[in-house]
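Student: I would like to learn how to read salt bridges in a protein model. Where should I start?

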Amino acid sequence: MMTHNQEMALEVHNMDFYYNSFRAVKNLNLLFKTQKITAIIGPSGCGKSTVIRCFNRMNDLILGTRLTGEILFHGKNIYDPDMDAVDIRRMIGMVFQKPNPFPKSIYENVVWGARINGLKNNLDELVEQSLKEAALWDEVKDSLHQNALSLSGGQQQRLCIARALAVKPEIILMDEPCSALDPIATLKIEDLMRRLSKQYTIIIVTHNMQQAARASDFTAFFTMDPADRAGMLVEYGETSQIFTNPKDQRTEDYITGRFG
């Protein structure tokens with residue numbers, strides 16, 4: 001029986017990821033600490049979004065993809081044949097770049113995942129709790145049966161976070177969650193991430209250096225290997241160290257805007 005390191009929410013060992021014959025990410029080894037925010041940064045095309053989609057098996061939905069190595073969650077490889085991808089996606093939730101509420105009421109958006117998972121009782125309580133956790137309750141409590149698409153972009157993104165929280169995940173993946181939002185809505189999402197990290201592990205992909213510096217505890221810098229175009233991890237550490245004293249010249253060049 002493999003012992004599980006409780007401090008780690010997710011452990012990635014010797015991971016390679018392929019789209020057909022193209023290796024998009026190579027030799028990834030990375031540990032994600034429980035109840036911390038980790039930012040993944042790097043230039044376009046270096047595999048950041050591909051990597052986090054591996055963490056809840058979203059890439060399974062793309063034909064011709066395969067993964068070697070292992071991703072351990074509670075000490076078990078999420079790609080083992082006996083692991084259910086739907087269960088994985090319930091425990092490791094995802095919030096996407098563009099807010100994507102369903103064209104239903106605010107209420108129905110929040111309970112959607114819970115209903116799929118067979119939850120029938122205390123739905124009102126679940127909606128209130130999830131919207132409070134997502135810092136949206138006070139703004140929408142009197143209009144729960146209004147169409148979610150009538151909300152502002154920032155509100156829609158917080159609704160998507162509430163929807164992810166309603167199924168009680170342990171990890172929340174966020175793929176550029178603020179890129180479609182204005183600065184005020186962006187700061188609200190960052191404040192929300194800080195609050196949520198007291199209960200959840202958060203992994204965020206961001207192009208925004210200031211956001212990574214402000215909002216995360218740890219930062220992983222990826223780049224593309226010019227030899228084979230595969231995404232690779234260059235450096236990982238506490239965010240303060242990565243931004244003030246990077247150990248690799250490529251990290252420093254990216255953070256200071258010399259390339260990327």
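Student: Is aspartate 138 buried or exposed?

Tutor: Aspartate 138 is exposed, with a relative accessible area of 63%. Keep in mind that this is a predicted model.

Student: Which side chain does aspartate 138 meet in a salt bridge?

Tutor: First the general idea: side chains of opposite charge can pair when their charged atoms come close. Here, aspartate 138 pairs with lysine 141, at 4.0 Å from N to O. Lysine 141 is partly exposed, at 38% relative accessible area.

Student: How many salt bridges does the structure hold?

Tutor: There are 14 salt bridges. One of them joins arginine 115 and glutamate 108, whose closest N and O atoms are 2.5 Å apart. Both partners are partly exposed: arginine 115 has 40% relative accessibility, and glutamate 108 has 29%.

Student: What does lysine 26 pair with?

Tutor: Lysine 26 forms a salt bridge with aspartate 228, at 3.1 Å from N to O. Lysine 26 sits in strand β2 (residues 22-33) and aspartate 228 in the loop between β9 (218-224) and β10 (231-238), so the pair ties together parts that are 202 residues apart in sequence.

Technical notes. Residues are numbered from 1 along each chain as its sequence is written. This is a predicted model: local features need pLDDT of at least 70, side-chain atom pairs count only at pLDDT 80 or more; totals for chains, interfaces and linings use all residues. Side-chain values use heavy atoms; hydrogens and water are left out. Helices (H or I, at least four residues) and strands (E, at least two) are DSSP runs, numbered from the N terminus. Buried means under 20% relative accessible area, exposed over 50%, partly exposed in between (1.4 Å probe, protein chains only).
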